[in-house]
Amino acid sequence: MSTDVHDPVMIGRVIELLSPALVAPGAVCVDCTLGLAGHARGLLEAAPSARFVGIDRDPDALAVARERLGPLARRVTLVKAVYDELPDVLAGLGIGQVQAVLADLGLSSLQIDRRDRGFAYRVDAPLDMRMSAGEGPTAADLLNTAPTTELTQILRRYGEERFAERIATAIVQARGSEPLTSSAQLVEIISSAIPAAARQAPGHPAKRTFQALRIAVNDELAVLGRFLPAATGALAVGGRIAVLAYHSLEDRMVKQHFAALVADGAPRDMPVVPEHLQPRFKLLTRGAERPAEQETQSNPRAASARLRAATRIKEA
């Protein structure tokens, strides 16, 4: 299996943000979306005394990650799980609090580049889109069974697709003639359903639909909603969390969760905030940080990345 991949997104900044929490011997870092271990490798090299836990729902990714880490894998425990299962993973390993948590919410290069996974709209492939290979309903299952109203809601909510109803109607009409099984079929349906002017706009006309289907198939926003409190709850004082999001829906959830963490619990008119109402976290990033232009030129997949980070400053 090929291990040729793009550089991990914003790797230098991720290391800068998380490595200060990993100086002490035995410090634990959890990479909750291990992928092909690009971020993990950088952090392992920057924190030679730390212990790592690598979580991924894709067994193919775990196998390749172990190979790519080489001797560094001795300090990593690999676990097949969805990242919102973090509390169960830590409990199973006998770990209480951790010093660093990383979540890169983008698709790994392995998922994008393997045609049989069906994530890419620029190549013809089976309509799969499952991050856990072989587990659960596929995008084809959803497209061939969901009613127009459900498809419209998915495309509108998860893809912010303004032509959601037109595309959903076209999908239901097309599947009446033959089942939808390939990405090329779906791209053709989308292109024919939207106005000609929209087809000429920047960006691929199928991008939002494919994003929406991937989110729905993998229940991504619900998973993220469970993950964020679990991850911040697992951090020790001085521990740090960094999250890379790639579209506005994910980033909004991260932003709102972090904002709640750094807000105090005192009434607005209280002149002095008592200790028990003071915030337990502090932001490490000012807003969402974006990759430098040089990085986006060399790695176009980084262009939509948004990085946010926070640190625990008080016990819960």
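Modeller: The account below begins with the basis of the model, turns to the chain, and then takes up the salt bridges.

The model is predicted, so that local features need pLDDT of at least 70 and side-chain atom pairs count only at pLDDT 80 or more, whereas totals for chains, interfaces and linings use all residues. Residues are numbered from 1 along each chain as its sequence is written, and side-chain values use heavy atoms, with hydrogens and water left out.

The secondary structure of the chain consists of 14 helices and seven strands; these are DSSP runs numbered from the N terminus, with helices being H or I of at least four residues and strands E of at least two. The C-alpha trace spans about 65 × 55 × 40 Å along its principal axes. Of the 316 residues, 51% are buried, where buried means under 20% relative accessible area, exposed over 50%, and partly exposed in between (1.4 Å probe, protein chains only).

Side chains of opposite charge can pair when their charged atoms come close. A salt bridge here is a side-chain nitrogen of Lys or Arg within 4 Å of a carboxyl oxygen of Asp or Glu, and the count comes to nine.

One of them joins R13 to E16, with an N to O distance of 3.1 Å. Both residues belong to helix 1 (residues 11–18), where they are three residues apart, about one turn of the helix. R13 is partly exposed, its relative accessible area being 23%. The pair also extends into a network of salt bridges that links R13, E16 and E289.

A further salt bridge connects R41 with E45, whose closest N and O atoms are 3.7 Å apart. These two residues are separated by about one helical turn because they lie four residues apart in helix 2 (residues 38–46). R41 is partly exposed, at 29% relative accessible area, while E45 is exposed, at 52%.

In the salt bridge between R214 and E220, the closest N and O atoms are 2.7 Å apart. Both R214 and E220 are buried.
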